[in-house]
Amino acid sequence: DIPTILADGDPIGGAVQEDALGNTTANLNNNADTDLSTGNLDSDQDTDQTTFELSSLVTSTPGGDEDATVSYSILDVSGFDSGFTSNTDTVTYTKSGNSIIAEADGRTIFTFTVDATTGQATFNLNDQLDHSGNENDNELLNINNLGQFVQVSITDADNDIITDTFDGLINVTVENDLPTIL
C-alpha cells in the first residue's frame, strides 16, 4: 500500500508593502533585515515580510505502511524569469537550500523560504518591484508563480514516496510605494 498526498484548496499567501522597506514599523512581521530601498510609510502596520502555513493545504494518508513523514522542499528554479522587473532589470529565481531567491542585476529583491518539516512559508521583500507607473500608491503586484516550485512529499515506512506541488496555490501581493515631494 502506498501513501497519498494532495496540495489543494483556496490559494493562500500574504501581503507586503514596499512602504515598509528600510523602515521600522509596529507590525511584528516587519523584518529588521537590511533592505536595498527605503519606502515612504503609509501606516505603522506596513510590513515587508509575511508568513503562512502551507500545511493547511495538505491532505495525506500514510496507507498500510504507517509512520509516514511529510516534508517540504524547493524544486530547481535555476534562471526562471519571474515575469517581474526591479529598477527595469529582469527578476529571475534561483534556489538556495529551501529558499527561492529572486534577483535582479545581482540584487536580492525577495526571498521565499519554506520550512522543510512544518511547511511554514516566509516571503521577505528586500527591494522594490516595478509596478505599472500609473502613480497608484495602492497598486498591487500578484506573485502567484512560486507554488509550482514548492513540493510536498510523503514517505512511508518502506520508503514509498508520493509528491505534489503547490502550483497555483500560493499568492503574495506587493503594494506599490510612490515618491513624495516635501
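Predicted model: local features only at pLDDT ≥ 70, side-chain atom pairs only at ≥ 80, totals over all residues.

Reader: How many helices and strands does the secondary structure hold?

Author: Helices (H or I, at least four residues) and strands (E, at least two) are DSSP runs, numbered from the N terminus. Here there are 0 helices and 14 strands. The C-alpha atoms fill a box of roughly 70 × 35 × 25 Å along the principal axes.

Reader: What share of the residues is buried?

Author: Buried means under 20% relative accessible area, exposed over 50%, and partly exposed in between (1.4 Å probe, protein chains only). By this criterion, 45% of the 182 residues are buried.

Reader: Which residues have the most contacts inside the largest nonpolar core?

Author: A nonpolar core is a set of buried Ala, Val, Leu, Ile, Met, Phe, Trp, Tyr and Cys residues joined through side-chain atoms within 4.5 Å. The largest one has 38 residues, and Leu54, Tyr93, Phe112, Phe123 and Phe166 have the most contacts inside it. Strand β9 (residues 107–114) supplies the largest share of this core, 4 residues.

Reader: Where is Thr50 found, and which residues is Thr50 in contact with?

Author: Contact means heavy atoms within 4.5 Å. Thr50 belongs to strand β3 (residues 49–53) and is buried, at a relative accessible area of 10%. Leaving aside neighbours within four places in sequence, its contacts include Gly14, Ala121 and Val172.

Reader: How many salt bridges does the structure hold, and which residues are linked in a network?

Author: A salt bridge is a side-chain nitrogen of Lys or Arg within 4 Å of a carboxyl oxygen of Asp or Glu. The structure holds 2 salt bridges, and Asp89, Arg107 and Asp127 are linked in a network. Between Arg107 and Asp89, the closest N and O atoms are 3.2 Å apart. Arg107 lies in strand β9 and Asp89 in strand β7 (residues 89–96), so this pair ties together parts 18 residues apart in sequence. Between Asp127 and Arg107, the closest N and O atoms are 2.7 Å apart.

Reader: Is Asp89 buried, partly exposed or exposed?

Author: Asp89 counts as partly exposed, at 25% relative accessibility, whereas Asp127 and Arg107 are buried.

Conventions. Residues numbered from 1 in each chain as written. Heavy atoms only, no water.
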